[in-house]
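These are my notebook entries on a structure that I examined from its atoms. I set down what I looked up, in the order in which I took it up.

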There are 2 protein chains.
Amino acid sequence: MSAPLKVALLGCGTVGASVLRLLADQAADITARVGRPVEVAGVAVRRPDRHPEVPADLLTTDARALVTRPDVDLVVEVIGGIEPARELMLAAFAAGKSVVSANKALLADDGVALHAAAAEAGVDLYYEAAVAGAIPLLRPLRESLAGDQLTRVVGIVNGTTNYILSRMAETGAGFAEALAEATELGYAEADPTADVDGFDAAAKAAILASLAFHSPVAASDVHREGISAVSATDVARAAEIGCTVKLLAICEKVTGEHGDAIAVRVHPAMIPTTHPLASVGGAFNAVFVEAEAAGQLMFYGQGAGGEPTASAVLGDLVAVARNRVAGVAGPGTTAYAGLPVSPMADTPTRYHVSLDVADKPGVLATVAQEFAAHGVSISTVRQDGAGEAATLVIVTHRAPDSALSATISRLRGMPAVRAVTSVLRVEGLA
Amino acid sequence: MSAPLKVALLGCGTVGASVLRLLADQAADITARVGRPVEVAGVAVRRPDRHPEVPADLLTTDARALVTRPDVDLVVEVIGGIEPARELMLAAFAAGKSVVSANKALLADDGVALHAAAAEAGVDLYYEAAVAGAIPLLRPLRESLAGDQLTRVVGIVNGTTNYILSRMAETGAGFAEALAEATELGYAEADPTADVDGFDAAAKAAILASLAFHSPVAASDVHREGISAVSATDVARAAEIGCTVKLLAICEKVTGEHGDAIAVRVHPAMIPTTHPLASVGGAFNAVFVEAEAAGQLMFYGQGAGGEPTASAVLGDLVAVARNRVAGVAGPGTTAYAGLPVSPMADTPTRYHVSLDVADKPGVLATVAQEFAAHGVSISTVRQDGAGEAATLVIVTHRAPDSALSATISRLRGMPAVRAVTSVLRVEGLA
């Protein structure tokens, strides 16, 4: 057996500690799978005194020195955030080291430049753990489906919001109440903004869209709406039409006036309870993929947590270690297609709208006319009358999002409309 | 751009024709992804006159000459069956060509020798299409989870039987009636033996077990029971306990007297309707994976059909083409763990048993005593009395399969038992 490959671990929080433990527990198997042993060269942390479980001679506060050490072959970055992770990654590439990262924010922010730096150095940049935790997803998209054309990727990629929405559906609670429960149980962080407002899902959507469509997509390109405006009424209305509310990350190829483009968006939506994504409950993640030849695929599993995330990191680590032993770099992520990102206004979506209206003849006609005036075709209408008031529940066909939102604005100002009680996009309906 | 890579296509049935079409349609994308164009060097068929869609100068009946032609870099084998596929594959390896195959029977029969031949030649043998059609499964098992320990793989890997069982559950039909419908609709072949008796699923189980546990497993090692004995009563009884009947391929690590082993089996079983596999209907496939760190994962998609299977073939083709461009072989399938296969008799399983018994005091005690005498612990019993007869519905805890089958044999001979109306294994119950 040849000399061991040496790994520099940057960061030793929940994921890093699990990576260390798995590397030790699985040493014999990893050696067999890589062809050489894989050993830890050092662990860079800010406060060495907080890591009594790590052998003292491995700990260092000088991450920069560690990643450029000549005996280090591979770098695992689980610090998170933009800096110093970005700078350390670039230093690793420049020194000829391959990098495995779980850093969705950095990859979504600066993926194109990082991939270019890795390619120039002839090393690997793998980051399966950055999206949907333990679920093998990026490798299948990049490699298994490399001979196919992806048309759509729809994912539940944030466990916190999925837990909150699942609880709202189960208990009838409002958003605030469900969030409070999630916080108490540790499913939501003290500052839940990144999850609840969709920032986390948007970063993952950007990474998925880049891979799926071989085009540069950054988090800032993603249309983003969180779940804090989802009401108990929205959830109840969804159930009435055989749907459930999920926060979806949607990446799709759209064809507009100027040719092919990519639409990338994160927002709550109603999906039919019969859709494979509808039964993905609690803190689980799942990603539904549509490809021209392969048809519909779904990948399901744990989206977060130290051990699941570490499993994904180690899968990548074995891959980059094998590449290092073979003296090659693996297939990189290319942006050769260079498709532009379509503005949300142009992206075709469908809306569900519930209205309280005056129960008198002609109201439906007036409301329907407003949709027609904006070029929005109606799929179904249900009208429930009760005394002076009636409820209209309308589901539209697909139309540009701007036409739909303009229609809603107009409806809010109509005398015949007492209240717009629920507006939510609908996905996956036949 | 460098010279094209040349592909020899062996066989041009449904899958082969789709491979040809996709290679042409996606030429630009495949070139971008591989780094060199990928072109068809020749198509070996038995009856060239039956393939007017293929340019005549590509067609040949001499497959052997085609795979060894010096200008051929890669071979795609979609002939199926054992010979001549096996001999052609070995000839391809000997001539230094990598092979992509969709041949589950051959891989399950002779995988170890074929992998050894590929490794010795320093070329690739990839066969994602052999198991679960378009679903990216073998690559995630082999690569994404390479840093984890798999404990269990449970799959619905045969669409024909899944369709039949789904229809039995929906309509209350018996097996023969549902099979007739499946045959009429083209979901079952004229001779349905390979599907209905579990041979197809057993071949896939052998391939999955080999990959998951890095050990040699052949189709002949797999305990196999088909679905022809599944009755409408079994399906109805399953529904009564909140379950549905599926034909499962189960590969798991078991620990017996002599240390770790692998249990590999294909048989119908009741699974809870809340299990992610339960909602996999019709001709879809899904594989549920449990790993120590990653936890539970599921992969879902189309398990058969020309286009989905061709998508998987092309994913592999892009991978082996990239390896060829890089001058390396990809990670092979190793059997380094060398775990033995556990006999079915020793494999722990759970049974559901429905009995018609005489409704008099002491019958339950007598029946329970029979389970206890074989060391089988009972999980739940439901007794429904009606006049002179009563029904006992028993679900056991896990016990060696031989102890369970011995118990059933004894029950069949007991005077107090009028009839054993349903016996089926149960999986996935808490």
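Entry on conventions. I note that this is a predicted model, in which local features need pLDDT of at least 70 and side-chain atom pairs count only at pLDDT 80 or more, while totals for chains, interfaces and linings use all residues. Residues are numbered from 1 along each chain as its sequence is written, chains are lettered from A and ligands numbered from 1 in the order in which they are written, and side-chain values use heavy atoms, with hydrogens and water left out.

Entry on one salt bridge. I looked up Glu307(A) and found it paired with Arg21(A), with the closest N and O atoms 2.5 Å apart. Glu307(A) belongs to helix 12 of chain A and Arg21(A) to helix 1 (residues 14-25) of chain A, so this pair ties together parts that are 286 residues apart in sequence. Helices here are DSSP runs (H or I, at least four residues), as are strands (E, at least two), numbered from the N terminus.

Entry on the two copies. I superposed chain A on chain B by a rotation of 180 degrees with 0.0 Å of shift along its axis, at an RMSD of 0.0 Å. The two copies are thus related as by a two-fold rotation axis. Within chain A, Phe299(A) comes closest to the rotation axis, its C-alpha lying at 2.5 Å. The same surface serves both copies, as 100% of the contact residues of chain A recur in chain B.

Entry on the interface of the chains. I found 43 residues of chain A in contact (heavy atoms within 4.5 Å) with 43 residues of chain B. The buried area is about 4,000 Å², with 53% from carbon and sulfur atoms; this is the accessible area (1.4 Å probe) that two parts lose on being put together, summed over both. The rule finds 2 salt bridges between chain A and chain B. I also looked up Arg139(A) and Glu143(B), whose side chains meet in a salt bridge (3.6 Å, N to O). The elements giving two or more residues to the side of chain A that touches chain B are helix 2 (27-34), helix 6 (138-144), strand 12 (295-302) and helix 12 of chain A.

Entry on the domains. I read chain A as domain 1 (5-133 + 306-326), domain 2 (138-302) and domain 3 (344-426), with bounds from an automatic or database domain assignment. The centres of domain 1 and domain 2 of chain A, taken over C-alpha atoms, are separated by 28 Å. I found 16 residues of domain 1 of chain A in contact with 17 residues of domain 2 of chain A. About 1,300 Å² is buried between these two domains, 65% of it from carbon and sulfur atoms.

Which residue forms a salt bridge with Lys104(A)? I identified Asp200(A), with the closest N and O atoms 3.2 Å apart. Helix 5 (104-121) and helix 12 (306-326) of chain A each supply at least two residues of the side of domain 1 that touches domain 2 of chain A. Helix 5 of chain A gives the largest share of that side, 5 residues.

Conventions: Least-squares fit on C-alpha atoms with pLDDT ≥ 70 in both. Salt bridge = Lys/Arg side-chain N within 4 Å of Asp/Glu carboxyl O.
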